[in-house]
Every structure is written in structure tokens, then in C-alpha cells.
Amino acid sequence: MKTTISHIKADIGSLPGHTTVYAPVEDEVRKYVKNNSAGLVTDFYVTHIGDDIQITMAHEKGIDNPEIHGLAWEAFKAGTALAKKVGLYGAGQDLLKDAFSGNIKGMGPGVAEMEITPRKSEPFIIYMMDKTEPGAFNFPIFKMFADPFNTPGLVIDPNMHEGFRFEIWDVVDGKKIELSSPDQMYDILAMIGSKSRYVVKRVYTKETHEKLPDENVAVVTTDKLSLIAGEYVGKDDPAAIVRIQSGLPASGESLEAFSHPFLVSGWMRGSFNGPLMPVGINGSKMTRFDGPPRVAALGFVLKDGKLAGPVDLFDDVAFDGARKTALEMTDHLRRMGPFEPHRLPESDMEYTTLPKVLNSLADKFSPIENHEKKHKLKESVRDMD
Ligand code: F6R
Ligand code: MG
Ligand code: MG
């Protein structure tokens, strides 16, 4: 029997700024799902990271199901009503459309779903990030499923030795490609290093996988809020579902990918590079410079449609070192103020409020004398090469 895990998340208001969710609003969302999910989902869990409310659901209706998406949409609407009543900041921020049209994709909330053939024991991890973008998952997902220095199972376990297939989306041009690791590893890296454009959407096992052939084993939300709304409406904070163990990365191999904080885009005003800090849910208030960007990891097992757990996996001393490093990186980067590469490059600022500031200066510019000559000089230098 196939089972679907759907993870749907949205920022529907926070306090005092984009800091953290308001517990009664999270409760309202939870209550709505509880009261309206009979016969629809077999189990669910509601949590948050920073200012994003997160709903994990297990069901048998497959991906892109209008009833499941509708349930999440209505739950976020119920939470939004309370958020508006108490005056939360950015109440209803991610509910970009007024009416639900059957699929929550493109309407604001982030969606990660996979239909699976559950194993005897089906362990998986929900990763949730705040103050960053879907491409922030490129690096850790690559490490989990393709880097033998992170995941020795790729070398040691015959089931993993063949590697995995990566589905990569070009979120700017709306195209996708499938590439196989390790044989096409350099092609994969050629793309996913450009993380604001190419994002790992899904990872699959290969046909030759003895325990779990041709299965979806990881999925990431790839909703670019800025592109949906046409202007900056908050960073599209991502989430991912990663299946683990028994021919897949072990729980610890999956978590290991976050042990050395790496830089992600987002943070303050969605405009800065910052370290991704692994935290327990209790450490997920976005404070310093509206961050730093954070990731939480909740471990579940699924059996007959029921979820056991979660275990708050980064709520552990083993990640104290990573947190310390992330805070040192924070201190270091913050000294750069509004300068690149702490601030994002101009191309990535297109959907922020910066172009409005630059536009207001446009008619105050005057030409630089001899500028054309300089271009000509450049060309003649090139001619001499
Ligand atoms: C980043 C984020 C925050 C806000 C910042 C300014 O994803 O949500 O850093 O961009 O707090 O918010 P506004 O413009 O709403 O005052
Ligand atoms: Mg927010
Ligand atoms: Mg957020």
C-alpha cells in the first residue's frame, strides 16, 4: 500500500517582527487540522521554525491532492484569522491568493510531498529552515546522497554503492533535468553550486537498489515566493523530507551534512549571506539580524499511516560545536555591513526592495567622460591577446 508524506508550511504572521510564531496561532492551525482531517489524513504533526508554521501529514491520497492541499490551506486561513485579530506582524503573509483553486503550489505556502512504498520500519527526517531559500538544501542533500566523505555508506553499503538519481530544477526558466551520481557528479555540481537558480527537487534510488528500487527518497520545497508574487514578499523558507536507513543515508549521515555550517542566502531582508545554524525547535527564534538562518530536524517513523515521534535531532550537545562556529561566522560577516559578499550580489537583489532605492537615483546620473574610450581601450587590449 502506497503512503504519501506531505509537508506544507507557511508564514502567516509572527511577533514581534519576523521572529517567531505566536503559540495560539500555531494551536489554531493544529486544532483546524485535528477537527477536519478525519478520513483524509491518517496522522499529522504541526510545529514551527522561526516564523513558519509547518504541517506534516501522512495519507493515502497521493501527491498534489486537492483535499490534502485544501486542508492545509484552510488550516492556515484559520490561523491567519487569529493572527489578524491579535495584530501579528505579516498576518497572512504567505497566503498570496484569496481563493483556493485545488493546488496549494504557487499560492504562497511551501510544499514537499512524496508517495512512497513504506518499508517495515519507515524512518524519515523533516528538515525545516528559516530565513533562507530552497537552494540552501543543495549542499546538504548532495553531501547526504553523493559525498562519501560525509556518507561512508556510499562506499561500504552495497545498497548505496550504485549511488542515487538527482532531479534538479531550474526555478528561473521552469525546466528540470535528471542526473545520476556518482557518474554525473561533476555535472550535478556544475549546476547546484548556483543555488539561487538550480535546486535539487528530488532524490531517487536507482533501479538496481536491492531493498528499495526506483523510489523517491528525498524531496525539497521549491516555491520561489519572490517569483510567484512578482515582488519581494519574504524569503521562501524551505523544508525537506529525507528518508533514512537501510540502504539510504543513516540518520547520523543525514544529520552530519549540517555539522559544518555553510553559507546560505536570505537572513536579514532576504538580502544577505549567512551561516546555517542547526538548532532544536526551542532554539528557533530568529533574533540576531533576523537570524542567523537556522535549520531544525525532526525524526519520525511511519507505520500503517501512523507517525511515531518526533525526536528533535539538533537539540543535542553534538551540534554545540556547529552552533558555535555559526555564531563566529555571524560575528565575522556582520562586520561587513551592507557590502558584498555578506550582502547578496546585485543579480540576487532583483526581487528585494533595493531596486526601488536605485531607481529613485536613476535620473540623477550623468555620463562619465571618456567612458566609451575606456571600452574601446579594453577591446584593443583584447585584440592584442
Ligand atoms: C527575511 C525577513 C526579515 C524582513 C525584515 C524587514 O526573510 O523576513 O528579515 O525582511 O524584518 O521586514 P519588513 O520589511 O516587513 O519590516
Ligand atoms: Mg515572516
Ligand atoms: Mg520564515
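This is a predicted model: local features need pLDDT of at least 70, side-chain atom pairs count only at pLDDT 80 or more; totals for chains, interfaces and linings use all residues.
The magnesium ion (ligand 2) has three kinds of contact to report: D11 through OD, H18 through ND1 and D51 through OD. These donors lie at 1.9 to 2.3 Å. Along the sequence their spacing reads D-x6-H-x32-D. H18 sits in the loop between β1 (3-10) and α1 (23-36), and D51 sits in the loop between β2 (41-49) and β3 (52-59). The pair therefore ties together parts that are 33 residues apart in sequence. H18 is partly exposed, with a relative accessible area of 26%. D51 is buried, at 2% relative accessibility.

The magnesium ion (ligand 3) is coordinated by D51, D52, D130 and D237, each through OD. Distances run from 2.0 to 2.3 Å. The donors follow the spacing D-D-x77-D-x106-D along the chain. The pair of D52 and D237 links distant parts of the chain. D52 belongs to strand β3, whereas D237 falls in the loop between α6 (225-229) and β10 (239-243). The two are 185 residues apart. D52 is buried, with a relative accessible area of 0%. D237 is buried as well, at 5%. The two magnesium ions, ligand 2 and ligand 3, are 4.6 Å apart. D51 coordinates both.

A polar side-chain atom of H18 lies 3.2 Å from an oxygen atom of ligand 1. For Y89, the distance from a polar side-chain atom to an oxygen atom of ligand 1 is 2.6 Å. An N or O atom in the side chain of D290 is also placed 2.6 Å from an oxygen atom of ligand 1. Taken alone, ligand 1 exposes 410 Å², and the protein buries 75% of that area.

Aromatic contacts were then considered. The model contains 13 aromatic pairs. In one of them, the ring centres of F139 and F262 are 4.6 Å apart. Their planes meet at 50°, so the pair is tilted. F139 is in helix α3 (residues 138-146), and F262 is in the loop between α7 (251-256) and β11 (263-266). This pair links parts of the chain 123 residues apart. F139 is partly exposed, with a relative accessible area of 40%. F262 counts as buried, at 9%.

A further pair joins F142 and F166, with ring centres 6.5 Å apart. Their planes stand at 40°, so this pair is tilted too. F142 lies in helix α3 and F166 in strand β6 (residues 164-170), so the contact ties together parts that are 24 residues apart in sequence. Both F142 and F166 are buried. Ring pairs also link Y127, F139, F258, F262, F314 and F319 into a cluster.

Notes
Residues are numbered from 1 along each chain as its sequence is written. Chains are lettered from A and ligands numbered from 1 in the order in which they are written. Side-chain values use heavy atoms; hydrogens and water are left out. Donors are N, O and S atoms within 2.8 Å of the metal (3.2 Å for Na, K and Ca); water is not among the atoms, so sites may look incomplete. Helices (H or I, at least four residues) and strands (E, at least two) are DSSP runs, numbered from the N terminus. Buried means under 20% relative accessible area, exposed over 50%, partly exposed in between (1.4 Å probe, protein chains only). A polar contact is a pair of N or O atoms within 3.5 Å; within protein, one must be able to donate a hydrogen and the other to accept it, and residues adjacent in sequence count only if both atoms are side-chain atoms. Accessible areas come from the Shrake-Rupley method with a 1.4 Å probe; for residues, only the protein chains shown count as cover. Rings of Phe, Tyr and Trp (its six-membered ring) pair if their centres lie within 6.5 Å; planes under 30 degrees apart count as stacked, over 60 as edge-to-face and the rest as tilted.
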